[in-house]
Amino acid sequence: MQNRLMKKRLMKKEGWAVAQYTVLSTSPTFTKYSPQAAGILEKKGCRLVMIPPNGLREREDFKAVLAEAHVWVVGINKVYAEDLEAAPNLKLIIKHGTGVDSIDLKAAAARGITVANAPGTNANSVADLAFGFMLSLARQIVSADKRTRDGFWGTVMGKDVYGKTLGVLGLGQIGKGVIRRASGFDMNIFGYDLVHDSQFEKEYRVRAATLEEIMSEADYISVHLPLLESTKNIIDRSLLEKMRPTAFLINTSRGGVVDETALYDLLKEKRIAGAALDVFATEPPRQSPFFELDNVIVAPHMGAYTEGAMGAVSEIVAESIVRVLAGKEPLSVIKTN
Ligand SMILES: NC(=O)c1ccc[n+]([C@@H]2O[C@H](COP(=O)([O-])OP(=O)(O)OC[C@H]3O[C@@H](n4cnc5c(N)ncnc54)[C@H](O)[C@@H]3O)[C@@H](O)[C@H]2O)c1
């Protein structure tokens with residue numbers, strides 16, 4: 001106790017802000033690409049404690065910091081009701097990114113903990129990846145690289161992207177980003193969403209369509225729906241079976257939105273041409289059957305990870321933290337009930 005007091009006095013004497021609040025981050029990239037974000041927290045008297053997400057619940061330091069934490073910055077890890085029971089001071093859980101399906105929202109609501117995220121900041125990086133996947137699938141870039149290194153020198157016959165039909169499922173920030181890119185490739189664009197942004201649809205010549213229409217007509221289908229009760233396995237076997245044998249599916253949203261078993265069966269039987277998956281129903285997808293298929297490109301949930309996007313996300317998260325600690329609303333609050 002005396003030691004702590006002495007340390008506080010010394011910190012004050014040397015002009016350091018005395019940490020009033022503990023911010024736990026289990027997102028390894030929080031503040032990594034933005035010294036400004038770290039500065040925002042420091043200025044407000046926040047002590048930032050970074051704990052890696054792997055094997056989180058076996059770590060003693062995690063339990064100790066959670067018991068003190070006022071804020072929890074969450075990355076890809078889950079947040080369970082038991083975690084919240086062990087965090088009596090927690091005021092805010094904030095996602096260092098967009099998707100909050102890994103957080104027990106009901107448990108947070110029951111304890112009066114605000115949940116927030118930082119949407120939109122990584123939309124361009126995810127849209128870039130989705131578009132990159134589309135080009136890679138069409139031109140077999142990933143397998144051509146491997147084969148050329150192995151000594152192959154011959155024709156790799158690709159499919160066209162320019163002028164083809166693209167179906168975008170979910171016309172939020174990311175889906176719209178994909179459409180903006182696709183318009184530069186003169187693609188015919190179909191869009192599916194519950195909400196209509198008629199100005200955007202007009203500007204980018206997006207034809208609003210049903211899921212059935214898109215699945216049966218598009219050459220490329222890019223999924224950007226959030227994982228909710230209403231969207232779980234929404235792209236089910238009957239919809240996947242409607243796809244053309246020459247069509248490709250790209251999923252950079254959440255694995256649980258697409259019926260993975262049905263997708264695997266159709267890819268294996270070559271009833272659809274290929275797929276690119278940044279996300280899986282269970283992550284990490286150890287020994288996934290998709291790994292056996294040569295018409296699939298896989299990635300480790302990397303859509304959001306560009307340095308620019310991570311820096312921008314960190315700044316929004318830091319701003320929201322200081323707002324909540326000052327008794328205000330975060331920049332983007334999640335409704336928990
Ligand atoms: N791969 C990655 O690293 C990565 C990074 C960020 C986000 N994501 C995922 O991408 C998803 C989309 O992100 P966003 O920023 O575009 O979100 P967003 O909230 O801007 O857009 C989601 C869109 O889906 C629509 N929608 C919701 N439920 C629907 C339904 N049942 N039927 C039709 N439309 C429905 C909404 O109206 C909205 O327009 C996120 O929820 C997240 O799961 C992945």
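A cavity here is a set of grid points where a 1.4 Å probe fits but cannot get out, and a lining residue has an atom within 4 Å of such a point. Keep that in mind for the first stop. The model on screen is predicted.

Stop 1: Select Asn-251, Gly-255, Val-258, Glu-260, Leu-263, Leu-277, Val-279, Phe-280 and Phe-290. Together they line the largest cavity. Its volume is about 40 Å³. The count comes to 1 cavity of 30 Å³ or more. Colour the lining by residue type: 6 are nonpolar, 2 polar and 1 charged. Rolling a probe the size of a water molecule over the atoms shows where empty space is left.

Now check individual distances. Start at Tyr-192, where an N or O atom of the side chain is 3.5 Å from a nitrogen atom of the ligand. Go on to Arg-254. An N or O atom in its side chain is 3.3 Å from an oxygen atom of the ligand. At Gly-303, look at the backbone instead: an N or O atom there lies 3.4 Å from a ligand oxygen. How much of the ligand's accessible area does the protein cover? On its own the ligand has 870 Å², and the protein covers 85% of that.

**Stop 2: the annotated spans.** Select residues 33–334. An unreviewed UniProt entry places "domain: D-isomer specific 2-hydroxyacid dehydrogenase catalytic" there. This span is 37% helix and 15% strand, and its end C-alpha atoms lie 25 Å apart.

Next, select residues 131–303. The unreviewed UniProt entry gives these as "domain: D-isomer specific 2-hydroxyacid dehydrogenase NAD-binding". Here the end C-alpha atoms are 11 Å apart, with 32% of the span in helix and 16% in strand.

**Stop 3: two backbone details.** Most residues other than glycine have a negative phi, and most peptide bonds are trans.

Zoom in on Asp-186. Its phi is positive, near 50°, and the residue is not a glycine. Where does Asp-186 sit? It is in the loop between helix 8 (173–183) and strand 7 (188–192).

Finish at Glu-283 and Pro-284. A cis peptide bond joins them, with omega about -5°. Pro-284 belongs to the loop between strand 11 (274–277) and strand 12 (296–298).

Definitions and conventions
Residues numbered from 1 in each chain as written. Predicted model: local features only at pLDDT ≥ 70, side-chain atom pairs only at ≥ 80, totals over all residues. Heavy atoms only, no water. Polar contact = N/O pair within 3.5 Å; in protein donor to acceptor, adjacent residues only side chain to side chain. Areas by Shrake-Rupley, 256 points an atom, 1.4 Å probe, with all protein chains shown as cover. 1 Å grid on protein atoms, 1.4 Å probe; cavity = no way out; pocket = protein on both sides within 12 Å on 5 of 7 lines; lining within 4 Å. Points joined across faces, edges and corners; volume = space filled by probe spheres on them. Nonpolar A, V, L, I, M, F, W, Y, C, P; charged D, E, K, R; others polar. UniProt positions renumbered as here; feature names shortened; annotations may be inferred. Helix = DSSP H or I, 4+ residues; strand = E, 2+ residues; numbered from the N terminus.
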